[in-house]
Amino acid sequence: MSPAAPPSPSPAPTSRLLDWRVRFGALALIWGFSFLFIKVGTEGFAPFQVTFGRLLFGTAVLAVAIVVKRDRLPRGARVWGHLTVAAFLLNALPFSLFAYAELTIPSTLAGICNATTPLWGMLLSLVALSEDRPTRVRAAGLGIGFIGVLTVLGAWQGFSGLDVTGTALALLASFSYAVGWIYVRRTLSGTGASNLSLAGSQVGLATLQLAVVTPLFTSLPTSIDLVPLLAVIALGALGTGYAMLLQYGVVAEVGPTTAAMVTYFIPVIATAAGVALLDERLTWNTPVGALVVLAGAALTQTRTSRRRPAAPTPTEPTRAEPTRAEPLRTEPLRAPEPEPTAARQPASRT
């Protein structure tokens, strides 16, 4: 029996801690700026073209990562069938809805609508997932979040000056994320494939879906402006490809719970970027309502701890009473959810 390894010196954990914090901040910035990139991209391309370009460049980044890591693609027709559905619910549909929504609503409002994903998820999980039971705290979070949405939309003013269609599309995109995550949890856990392989395959399938749809509803642009093109490239390579790789690293180092907190920084960054760089108008109810939405979303993610019986004090067996080996009880491991997918896309990732 070899001796235990000596404890690591104190500077090493500190450097790792700073490293994940830097990557966490970069992830929040990238996903927060994604709504700005969508807005700029739609100024030069049709919404479906923005989504297709986003998925195409995101797939390229993830494909390179899979090759570098020598990862294997998932196996089995059943897994690929579930990935096709997940690609539609988590990528093709919500990405397209956000692109269409930002034709008529500011990127700040789109970012705040994205933060409602945990609210939709909690509401749906009460029916779809037996392990998520309603509690008073979570029910209160749902109610608080709903009040925050009404505050953002200015319900007391009769939604004056609000584009109802664009807002509904953004909220529907967030609802699609929630449905998609529940579907992934029920169908793609325990497949044996890595998170990177599942996510790369999922985004690749979404790219194929948009490759079929885009030519049917759009025509090639007569001219290509540089700024919208760069926005689409950044949206795909950074917001869909590189951000997912960052998220995997953060989840592996600090766990999915801490990594999921990036969700609460996204609308703040999206709002700041829209106001500072796009000169979008901001009234008092938008940031106040956003804070209320985030507070409600945070409450819906609380979990009640189960009390476990105290473990019996181990005693040394005697020769007169030999012990029998008890069967080891195991619980199925739940694979971290791929994006926006990634950990718990947070996601409400865009």
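Predicted model: local features only at pLDDT ≥ 70, side-chain atom pairs only at ≥ 80, totals over all residues.
The axes of α2 (residues 47-68) and α9 (residues 226-254) cross at roughly 40° and come within 7 Å. The crossing of α2 past α9 is right-handed. On the α2 side, the residues in contact are V50, G53, R54, F57, G58, V61, L62 and A65, and these meet V232, I233, L235, G236, A237, T240, G241, Y242, M244 and L245 of α9. Sorted by class, this contact comprises 12 nonpolar, 5 polar and 1 charged residues.

Helix α4 contributes L109, C113 and N114 to the contact, while α7 contributes T167, A170, L171, S174 and Y177. The contact of α4 with α7 has 5 nonpolar and 3 polar residues, and no charged ones.

Helix α11 (residues 266-278) consists of 13 residues. From the first C-alpha to the last, α11 reaches 17 Å, close to the 18 Å expected at 1.5 Å a residue. Buried positions in α11 are I266, P267, I269, A270, T271, A273 and G274. Directly after α11, D279 adopts a positive phi of about 55°.

Terms used:
Residues numbered from 1 in each chain as written. Heavy atoms only, no water. Axes fitted to C-alpha atoms, helices over the stretch in contact; angles between N-to-C directions. Helix = DSSP H or I, 4+ residues; strand = E, 2+ residues; numbered from the N terminus. Left-handed = near helix turned anticlockwise from the far one by under 90°. Contact = heavy atoms within 4.5 Å. Nonpolar A, V, L, I, M, F, W, Y, C, P; charged D, E, K, R; others polar. Expected span 1.5 Å × (residues − 1). Buried < 20%, exposed > 50% of the residue type's maximum accessible area, 1.4 Å probe, protein only.
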